[in-house]
Structure formats: C-alpha cells, structure tokens
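Subject: Structure handover

Hello,

Here is the structure you will be taking over. Please open it beside this email and follow along. My notes come after it.

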Amino acid sequence: MDAGRGTPERPGAFRTSGFNCFVLALSPGERRPYLERLETGRGAVASLMNRMDGPGIQADGLDPRAAALLRRTLMAAGGDAAVPESVDRFADKAVAVYLAGSRDVLGRLPFLLKDAPYGLAELGREIGDCLRRAGRPRRLVVRGRDLLEGRRCLIMGILNLTPDSFSDGGRYLAPDRAAAHGEAMAEEGADILDLGAESSRPGSEPVPAEEEAGRLLPVLVALRASLPGAVLSVDTTKAAVAEAALDAGADMINDISAGRMDPAMIPLCARRRVPLVLMHMRGVPKTMQEEPFYRDTVGEVTGELRGRVTEAEEAGMGPGDLVIDPGIGFGKRPRDNTVLIHHLEAPASLGYPVLVGASRKSLIGFLSGAPVEERLPGTIAFHTAALLRGASILRVHDVKAHVQALACTSALPA
Ligand code: HH2
C-alpha cells in the first residue's frame, strides 16, 4: 500500500521498484532542518542550500548504494542530492533522498540513469513519471464535462444528513430542510454538493448501509429533480450505498477511506465511469485519533495515496476520474495537518486534482480556541493557503463566504 517504505511484510525495507517519488518545494526556512533530518552530511547541506531554488523531488525507499551513486550522477549534471552521510550506517535499511536541480536537470535523470544499477534505472523512470504527472492539467470530468476547464478551484458544499456530524449534526435530518439547504448552497455558487449520511468525526460509530441509504436517497432524489444540472457527490465508504446513490442520479463518489473499507468501491466507480475522491485516512473514524504517528508526514501520506491511486488506475480509472485528498483531521496530529496543507505540492504531484477539507475542523479550534460555530476565519485562512499551493477543490460548510474568498484569491497570478 505504501509505495515507498518497503513491503508490508518488511516495513522499512528498501525496494528496488515502486519508489515513492514526489515533488517537494522547501521554503528557505525549512531547508536546513529538513536536510538535517535526512541525515545528510554537513558538506551536502551547505552545497544543497545553494542549489535549492525551485521545487525538488523526494524519493523514498532507496538502497543506500543507489543513493550515493544518484548523488554523484546528479552533481555531474549540475544538480545535487541530500543523501545519508555514510553508506555503511544505513546498509540494512531504505533511505530517503532529496534531489535538487532545475526542471531541466531533473528531467534528464531518466536518461542518465537508464543503465544504472541498484534499481536506479527504475527510479529514473519514476522520476520522469513524477515530473510528467506533476505537469499535466488537472481534470474532473462529470457527465462528459471537465469541471476544472478554465477554473482554478471548485467549491464543494457540504450537506450533512446526519444526527451527529461534528458541526451541524441534526440540522438537516428532515429531507425537505436538507434539500432546501442544498438548493441554497447551489444558489450561493457551490460547484458540487457533497451529500453525507454517516458522520466520520473522530470516535464515530459506523451506520448500517440501510440506515445510511434511508437518510440519503430521499434528499438525493429531491435534489436531482430540483437541480438537474447540479453536480451531486455522495460521501460514503460503502459500495452498496454508492451504487444505490448512482442509480438515483448521483454524479460522483467521495470515499474517506479511498476504497480501503470496501474493496468493491473502486471497481464500482470504474465500471460506472464516475469520478471518485480518494481521501487519506489511517485506520477508521472510531479509532483514528488514538495516538496517530508519522515519521515523515508528507512522504507517508503521499506514498499511501499513491498506493490507492495505483489501485484505481489498475482498475481503469485515470485523469478526469480521480481526485485525491490528504484527509485533514483523519488520523493526524495538528502539526501533521498543517504540514500537509503547507506541502500540498507533494500529493498534487501525483497528477490529480487535490481536494482539501478543513472546514470548521478541530485543528482550527486547537490553534485558536474558537468553538465550532466560530471557525469560519480559520477555515478560510487554511483554504486560501491550500488554494495557493495548488488545491483544486475546497470542501466547505459556508459556501457564500468561500465564493468571495475564492474570487479574490483566484485573481492572484497562479
Ligand atoms: N471531511 C469530513 C467528511 N468527509 N471528505 C473528504 N474528501 N475530505 C474531508 O476532509 C472530509 C470528507 C468531515 O467533515 P463533516 O462532513 O463536516 O463532518 P462529519 O464527518 O462529522 O459529518
């Protein structure tokens, strides 16, 4: 599942294929601590600090001998790499490297490494693939129309049909009230409405499929009738609920487990040719906040998302069909969430639109002390940061405020 940290049987063991490669843009203040964490030698830190202007590439899961040879190759081409200082010290475990250089220099690596040993030829191909994916246009195709054509970012309005959602549970339980709220969000400018009938707040219990479908379908049917042109998404982890929703007119599926909780989900969306949001979450909502831990949050989340993307691609899905989401608040500490928003370029380099949902979440309460009903300023701050770092969809409770924020932020050069 995690493409860059060894096989599940041997966690941490290096692999000679399936490296976890992603774009990483380090701000000046981040460079030294980041490179020191990679256990790079002092000389390498100094040399890299001078060469790290644009975004680089992090690659995880290398044989240490490959890392040393990669650095020599890249330096000869005019770039540099942060690699562990001593090959011996790391001989029995996989290492991560950071590759710095212009787009041109990094783009030559597939050729320069094509006959190299220790899995480097494969890594070179993956670097080429990473650069190609990072540069391709983002698409989200619903009923034959690319929603992202000519648009930098879309707004997904949240419609919770639950008694227990963390911010608005119980407010839209009555189907006519829920449908009216959906219509109001569409009127305010929501590009997509996301209907959810099972809360995923930390500690929440799963709801049986019949109960979830019973809450969802009347509202979905009403909205399909009153808003024939609207894009209706359904937030569910169950393929049976998703299938009933698609039969009732839903346009896309948003799965917070990225198809992990129900193996029938990805094949269903592939077969029905509807877009699927693959969100990152460790574990399940009931237990996900019990001591979450990451050693390299950005690398691990990106690698795990890549595993889900690969599964969806193997099922026949591709650009236009998939959206990825780092899963703000799902099995993460506050610092994991902020670093993921800050380094959105990493999951974005998987080549699919990135959705971010920080709306009213406890992260904002943790940072500001604000109760849930007063978290709009923090929500807009995080969503603006996400947009500037390449988010293509924002999942929000407060549509009108985001339409204004988006109009202003989108006026800034991309
Ligand atoms: N967050 C929530 C639910 N679904 N889906 C995606 N793709 N991304 C998210 O960040 C996300 C999501 C949680 O928010 P909410 O729906 O308001 O709460 P609850 O799960 O309690 O209904």
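R395 has a side-chain N or O atom 3.0 Å from an oxygen atom of the ligand. That is a polar contact (a pair of N or O atoms within 3.5 Å; within protein, one must be able to donate a hydrogen and the other to accept it, and residues adjacent in sequence count only if both atoms are side-chain atoms). H397 also reaches a ligand oxygen with a side-chain N or O atom, at 2.9 Å. For S200, the distance from a side-chain N or O atom to a ligand oxygen is 2.7 Å.

Around the ligand there are 18 residues. A residue is near a molecule or strand if one of its heavy atoms lies within 4 Å of it. S165, S199, S200, D325 and K361 come nearest.

Some background before you read on. This is a predicted model, in which local features need pLDDT of at least 70 and side-chain atom pairs count only at pLDDT 80 or more, while totals for chains, interfaces and linings use all residues. Residues are numbered from 1 along each chain as its sequence is written, and side-chain values use heavy atoms, with hydrogens and water left out.

Now the helices. Helices (H or I, at least four residues) and strands (E, at least two) are DSSP runs, numbered from the N terminus. Axes are lines fitted to C-alpha atoms, for helices over the stretch in contact, and angles run from 0 to 180 degrees between N-to-C directions.

Start with α7 (residues 175-188) and α8 (residues 209-226). Their axes come within 9 Å and cross at roughly 45°. So α7 is oblique to α8. Angles under 35 degrees count as roughly parallel, over 145 as roughly antiparallel, 65 to 115 as roughly perpendicular and the rest as oblique. P175, A178, A179, G182 and E183 in α7 meet P218, V219, A222, L223 and S226 in α8. Contact here means heavy atoms within 4.5 Å.

Next, α8 and α9 (residues 239-247). The two axes come within 10 Å and cross at roughly 20°. Therefore α8 is roughly parallel to α9. On the α8 side, A209, E212, L216, L217 and L220 take part. They meet V241, A244 and A245 in α9.

Which residues does D262 touch, leaving out those up to four places away in sequence? They are T237, K238, A239 and A240. D262 itself is in the loop between β10 (252-255) and α10 (265-272). D262 and K238 are 24 residues apart in sequence, yet their C-alpha atoms are 5.9 Å apart in space.

Last pair: α11 (residues 297-314) and α12 (residues 334-342). Here the axes come within 9 Å and cross at roughly 70°. So α11 is roughly perpendicular to α12. T297, V298 and V301 in α11 meet D336, V339 and L340 in α12.

Best wishes
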